Structures are given as C-alpha cells and as structure tokens.
Amino acid sequence: MTKTDFYFLPTMIGSMPHTDPKAAVDIITHYLRDIPVWPQLPRRSYLEGMSAQFSQGLPGVNINQDKMWIEPNSGFEGELESLYQAYLDNDFNKFPIGVEYAAGLYELASRSNLSPKLVKGHITGPLTYCMSIKDPSGKDILYDEVLSDAATKLLKLKASWQEHFLKKICRNTIIFVDEPAMSAYGSAYLPLSREQVTGMFEEVFSGISGLKGVHCCGNTDWSILMDTSVDIINFDTYSYADSLAIYTDALQAFIKRGGAVAWGIVPTDEKALKEETAASLKDRLEAAMSHFDSKGLPFAELARHSLITPACGLGLKSLDAAERAPELLAELSALLRRKHGTV
C-alpha cells in the first residue's frame with residue numbers, strides 16, 4: 001500500500017474517555033481494523049494528558065498532581081547535555097514512553113490477532129507542547145529559546161521511539177503531530193514567523209521515517225503545513241469544511257506530490273453524533289470535496305488520497321459517544337469505499 005491509496009480508510013485522532021485501556025482498545029480494534037490507533041486516556045491519569053504524556057525525560061520537568069512546569073535545578077545542565085547527546089546520536093531508546101504514561105499504547109501492542117494495513121500513533125505538536133508548559137516565572141517555555149529547543153528535540157526522539165515501537169504491530173506506520181495551537185497562528189497568542197513554525201515542525205518530522213500527519217481541530221493557514229514535509233493533513237471537516245477550500249492551489253500541489261487529506265467528518269459533538277447517519281455524512285463530505293473537483297482537482301484523485309476520521313479526539317466525551325463515533329466512522333468508510341472505489 002502506498003501513502004496515496006487510501007480511498008476513505010478510517011482511523012482516529014487518539015484520545016478516549018476510558019480509564020480501562022483494554023476497553024478502549026477493544027473498541028478501536030473492532031471498528032478500525034485497517035488502521036488501528038493507540039488510545040490516549042487522559043481520564044485515567046494526569047500523566048496521559050496531552051503534554052504530560054511526552055514529558056518523561058524533559059530536563060527540569062516537575063509534575064505535581066495536575067500541574068507540570070520546568071524548574072532548572074542542580075541536575076538541569078546534566079539532563080540537558082544528555083538530551084542533546086541523545087539527539088545527536090539519534091539514541092531515541094534513552095527517551096521511551098513508559099507504560100504509566102501510555103497504557104493504551106502497550107495494550108494495543110499486546111494484541112496478537114491484529115493484521116492492519118497501517119498502525120497510527122500520535123505525539124503532541126511542538127507549539128501546543130511549548131505553550132502548555134511553564135517556566136519558573138509562569139511564562140510558556142515557547143518563549144525561552146533553550147527550553148523550547150530542548151522540548152522540540154525531545155518530541156523528535158519520542159516520535160522516533162514510538163514509531164519503532166509501533167512497528168512491532170505493523171511495519172507501515174503513521175504518526176500524527178497533534179497541534180491545536182496552530183489555530184492561533186497569526187494572532188497575538190502565537191507571535192511566531194512562518195519560518196519559525198515550519199522549523200519546529202520539521203524538527204519533529206525528522207524523527208519520523210514513515211508517514212507523518214498533522215491534526216489541527218480548528219481553522220488555520222493550511223498552506224503553512226502543506227509547505228512542510230508532512231504527508232497527511234487532518235482537520236475538523238464537519239465544522240470547518242470551508243477552511244480548506246481557500247487553499248485550493250496549495251492543496252492541488254500537495255496532492256500532486258503525494259500528500260493526503262484525513263477528513264474529520266464524523267462529529268464529536270454528542271448531539272450531532274446522535275442525529276447524523278453514515279448517509280448524511282457521506283453527502284456532507286462529498287459536497288466539501290466537490291468544491292475541489294470544480295476547481296480542477298478530480299474527485300476520484302482526491303478520493304484516492306483521502307482518509308476519514310472523527311473531527312477531534314474523544315477524551316472528554318461520554319463512553320457512549322466514544323463508541324458511536326468509531327462505529328459511525330466504520331459505516332461511513334464502507335459506504336464511501338463501495339461508491340468510490342475499492343470494495
């Protein structure tokens with residue numbers, strides 16, 4: 001399978017509301033047999049929260065119940081030196097993701113009956129990560145050149161370690177960089193240049209040898225992401241379908257070079273999940289994709305380069321919603337694949 005032969009295969013963003021990793025993985029492996037994903041379980045432990053999950057080994061890190069911050073201490077310089085040496089040596093095994101930080105990852109890897117086409121992982125994006133960890137003065141470490149650089153290099157090593165771990169399940173991998181902070185690009189909340197943003201992404205991408213994606217659940221300047229080496233862009237199509245439409249030329253170039261779109265068409269809003277059907281979502285997605293067909297990007301070609309996902313993670317939703325979303329996703333995928341291509 002090449003990275004372009006997707007034809008609406010389904011996968012997920014990652015987070016689930018369960019505290020039992022077995023229950024979460026049971027749902028994922030039942031509905032997402034082609035591209036299972038390991039579940040992040042933020043309700044299970046603060047250590048499984050979006051930033052804490054990848055903090056193990058971060059120089060100067062302190063975690064106290066539901067708070068995390070950087071406070072350089074007597075061992076900070078040594079920790080920083082060890083991180084940079086591991087980075088230079090590409091020794092990602094020095095910075096694993098422990099089972100207490102990602103129980104769902106280890107639960108998925110324990111399943112011996114899987115035969116997926118790909119397996120998907122995820123890591124917090126460098127912008128979101130550096131905007132959610134504070135320095136001793138209470139400022140985001142994004143604005144500290146040393147700390148933000150160290151954090152970004154750590155994410156690169158974590159991505160490498162995770163990818164190699166996932167290859168135990170399937171040799172074909174996808175790692176998504178989850179970056180909700182990109183929705184703030186261009187505002188006072190994220191005063192970085194285009195070059196600074198792409199540089200941080202490329203640092204993390206350099207640790208990923210397989211397919212790499214970016215998930216942003218809000219609106220953003222998608223041309224920035226499509227100008228990077230990313231293979232897949234994923235966005236909340238259900239609520240922001242028009243946000244990609246203004247980047248038609250950039251999308252055409254992205255698809256031409258082999259890029260793909262993961263359409264977040266299944267809603268995560270609980271009311272919408274109850275009201276929508278596979279048929280109604282099919283119509284909604286086809287309408288969004290038809291815009292590009294009318295602008296010179298053939299629907300059939302875009303379909304070949306398309307996956308489908310929920311609009312965002314499900315970690316803060318109900319258990320019922322966390323099962324309904326992948327169920328609806330699987331139904332929608334089957335419907336689309338029968339109509340547009342491969343089933």
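1. Basis. This is a predicted model, in which local features need pLDDT of at least 70 and side-chain atom pairs count only at pLDDT 80 or more, while totals for chains, interfaces and linings use all residues. Residues are numbered from 1 along each chain as its sequence is written, and side-chain values use heavy atoms, with hydrogens and water left out.

2. The structure holds 19 salt bridges. One of them joins Lys153 to Asp149, with the closest N and O atoms 2.9 Å apart. Both belong to helix 5 (residues 145-166), and because they are four residues apart, about one helical turn separates them. Helices (H or I, at least four residues) and strands (E, at least two) are DSSP runs, numbered from the N terminus. Lys153 is buried, at 9% relative accessible area, whereas Asp149 is partly exposed at 28%. Buried means under 20% relative accessible area, exposed over 50%, and partly exposed in between (1.4 Å probe, protein chains only). Another salt bridge pairs Lys94 with Asp91, the closest N and O atoms being 3.9 Å apart. Lys94 is exposed, with 54% relative accessibility, and Asp91 is partly exposed at 26%.

3. A salt bridge between distant parts. Arg194 and Asp227 form a salt bridge whose closest N and O atoms are 2.8 Å apart. Arg194 lies in helix 6 (residues 194-205) and Asp227 in the loop between helix 7 and strand 7 (232-235), so that the pair, 33 residues apart, links distant parts of the chain. Arg194 is partly exposed, with a relative accessible area of 27%, while Asp227 is exposed at 55%.

4. Met226. This residue lies in helix 7 (residues 222-226) and counts as buried at 5% relative accessibility. Leaving out residues up to four places away in sequence, Met226 touches Ile233, Leu244, Tyr247, Ala250, Leu251, Phe254 and Arg257; contact means heavy atoms within 4.5 Å. The C-alpha atoms of Met226 and Glu79, 147 residues apart along the chain, are 35 Å from each other.

5. Nonpolar cores. A nonpolar core is a set of buried Ala, Val, Leu, Ile, Met, Phe, Trp, Tyr and Cys residues joined through side-chain atoms within 4.5 Å. The largest has 100 residues, and Leu127, Leu244 and Trp263 have the most contacts inside it. Helix 5 gives the largest share of this core, ten residues. Leu244 is in contact with Trp222, Met226, Ile233, Phe235, Leu251, Val261, Trp263 and Phe292, leaving aside neighbours within four places in sequence. Another core, of eleven residues, lies apart from the largest one and includes Leu9, Leu118, Leu211 and Ala260. In soluble globular proteins, nonpolar side chains tend to be buried together.

6. Cavity. On a 1 Å grid over the protein atoms alone, a cavity is a set of points where a 1.4 Å probe fits but cannot get out; lining residues have an atom within 4 Å of a point. Grid points are joined across faces, edges and corners, and a volume is the space filled by probe spheres set on the points. By this rule there is one cavity of 30 Å³ or more, and the largest cavity has a volume of about 30 Å³. Leu58, Pro59, Ile70, Phe76, Leu80, Leu147, Ala150 and Ala151 line the largest cavity. Helix 2 (76-89) and helix 5 are the elements that give two or more residues to this lining, and the largest share, three residues, comes from helix 5.

7. Helix 12. The 17 residues of helix 12 (residues 278-294) should span 24 Å at 1.5 Å a residue, and the end C-alpha atoms are 24 Å apart, which agrees. The expected span is 1.5 Å times one less than the number of residues. The buried residues of helix 12 are Ala278, Leu281, Lys282, Leu285, Glu286, Ala288, Met289 and Phe292. Just after helix 12, Gly296 takes a positive phi of about 105 degrees.

8. Tyr7 has a positive phi near 45 degrees and is a residue other than glycine. Phe8, also not a glycine, has a positive phi of about 70 degrees. Tyr7 lies in the segment before strand 1 (9-10), and the place of Phe8 is in the segment before strand 1. Tyr7 is partly exposed at 21% relative accessibility, whereas Phe8 is buried at 1%.

Note on methods: Salt bridge = Lys/Arg side-chain N within 4 Å of Asp/Glu carboxyl O. 1 Å grid on protein atoms, 1.4 Å probe; cavity = no way out; pocket = protein on both sides within 12 Å on 5 of 7 lines; lining within 4 Å.
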